[in-house]
Amino acid sequence: MRAGFPDFRLGNVLATSFTGTLSERHGDSVERIPTPQRLIDWLAVYGLAVDSCTTAQLGLARELRESIHAAATAAAIQDTLPASAVRVINECSAQGRAAAILTPEGKRRWRLSSASCVEDALSVIAADAISIIAGERDGKLALCASPTCQAAFFDTSQSRTRKWCDMNTCGNRQKKARFHANHGKNPRSAE
């Protein structure tokens with residue numbers, strides 16, 4: 001990734017990975033798409049390459065991101081979906097001109113035309129959010145157990161009991177904190 005910017009936190013589910021472009025929402029938040037170019041970079045990682053992005057399109061992307069986060073959070077706690085979030089997700093989904101294609105491996109991928117714009121890529125993300133929030137995919141929406149993160153993530157583990165949005169970041173951080181708390185209380189335990 002480009003120097004000077006925080007690394008992307010990549011996941012297997014497009015929509016919830018997109019919400020992860022703003023992390024540590026309940027702590028010192030980290031914006032991972034602070035510029036239009038960073039949004040272009042993130043979209044390219046997910047096979048949604050676009051040539052350009054304006055500041056207004058970056059604003060739309062962030063609005064979609066926050067709407068997906070709000071709706072996914074509500075779905076995870078079985079609360080009513082916020083009407084404004086549903087409106088933004090639906091509008092973004094309807095704007096796009098992406099096509100679903102079948103890969104030789106039997107997977108679905110999205111294809112943008114060479115003339116595609118950011119709105120086309122955002123429509124793919126919105127459609128992915130709709131499929132997970134509507135319960136159409138095998139998995140469960142959950143919230144990260146980290147008190148500073150609480151990101152919505154899509155749990156596809158067999159038991160559906162995952163606690164962390166990402167074990168390498170939030171899970172590891174919580175394990176380290178627990179370790180230090182336990183060893184700080186009993187200094188002789190290290191001997």
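Begin by selecting Gly135, which comes after helix H5 and has a positive phi, near 80°. Helices (H or I, at least four residues) and strands (E, at least two) are DSSP runs, numbered from the N terminus. The model is predicted: local features require pLDDT of at least 70 and side-chain atom pairs pLDDT 80 or more, while totals for chains, interfaces and linings use all residues. Residue numbers start from 1 along each chain as its sequence is written, and side-chain values rest on heavy atoms, with hydrogens and water left out.

**Whole chain.** Of its 191 residues, 38% are buried, where buried means under 20% relative accessible area, exposed over 50% and partly exposed in between (1.4 Å probe, protein chains only). Among contacts (heavy atoms within 4.5 Å) with a separation of 6 or more, 55% link residues 24 or more positions apart.

**H5.** Return to H5, residues 118-133. Its end C-alpha atoms lie 22 Å apart, in agreement with the 22 Å that 16 residues should span at 1.5 Å a residue; the expected span is 1.5 Å times one less than the number of residues. Because 13 of its 16 residues are buried, H5 is largely enclosed by the rest of the structure.

**The largest core.** Next, select Phe18, Leu39, Leu64 and Ile125, which touch the most other members of the 37-residue largest nonpolar core. Such a core is a set of buried Ala, Val, Leu, Ile, Met, Phe, Trp, Tyr and Cys residues joined through side-chain atoms within 4.5 Å. Elements that each supply at least two of its residues include H1 (14-19), H2 (36-45), H4 (83-95) and strand S6 (152-155), while H5 gives the most, with 9. Centre on Ile125: beyond neighbours within four places in sequence, its contacts are Leu14, Ala15, Phe18, Trp42, Leu43, Leu48, Leu64 and Ile68. A second, separate core has 8 residues, among them Cys149, Phe153, Trp164 and Cys170.

**H1.** Move to Ser17, in helix H1. Ser17 counts as buried because its relative accessibility is 5%. Leaving out residues up to four places away in sequence, Ser17 touches Arg9, Leu10, Gly11, Asn12, Trp42 and Tyr46. Thr19, also found in H1, is buried at 3% relative accessibility. A polar atom of the Thr19 side chain lies 2.7 Å from the backbone oxygen of Thr16. The C-alpha atoms of Thr19 and His69 are 5.9 Å apart, although 50 residues separate the two along the chain.

**H3.** Follow His69 into H3 (55-76), where the buried residues include Leu64, Arg65, Ile68 and His69. The 22 residues of H3 reach 31 Å from first C-alpha to last, close to the expected 32 Å. After H3 comes Gln78, with a positive phi near 55°.

Finally, select residues 99-102 (S3) and 108-111 (S4), antiparallel strands joined by 4 bridges; two strands pair if DSSP finds at least two bridges between them. Ile101 stands opposite Arg109 in S4. The hairpin has 5 residues between its strands, and Gly106 takes a positive phi near 85°.

Key: A polar contact is a pair of N or O atoms within 3.5 Å; within protein, one must be able to donate a hydrogen and the other to accept it, and residues adjacent in sequence count only if both atoms are side-chain atoms.
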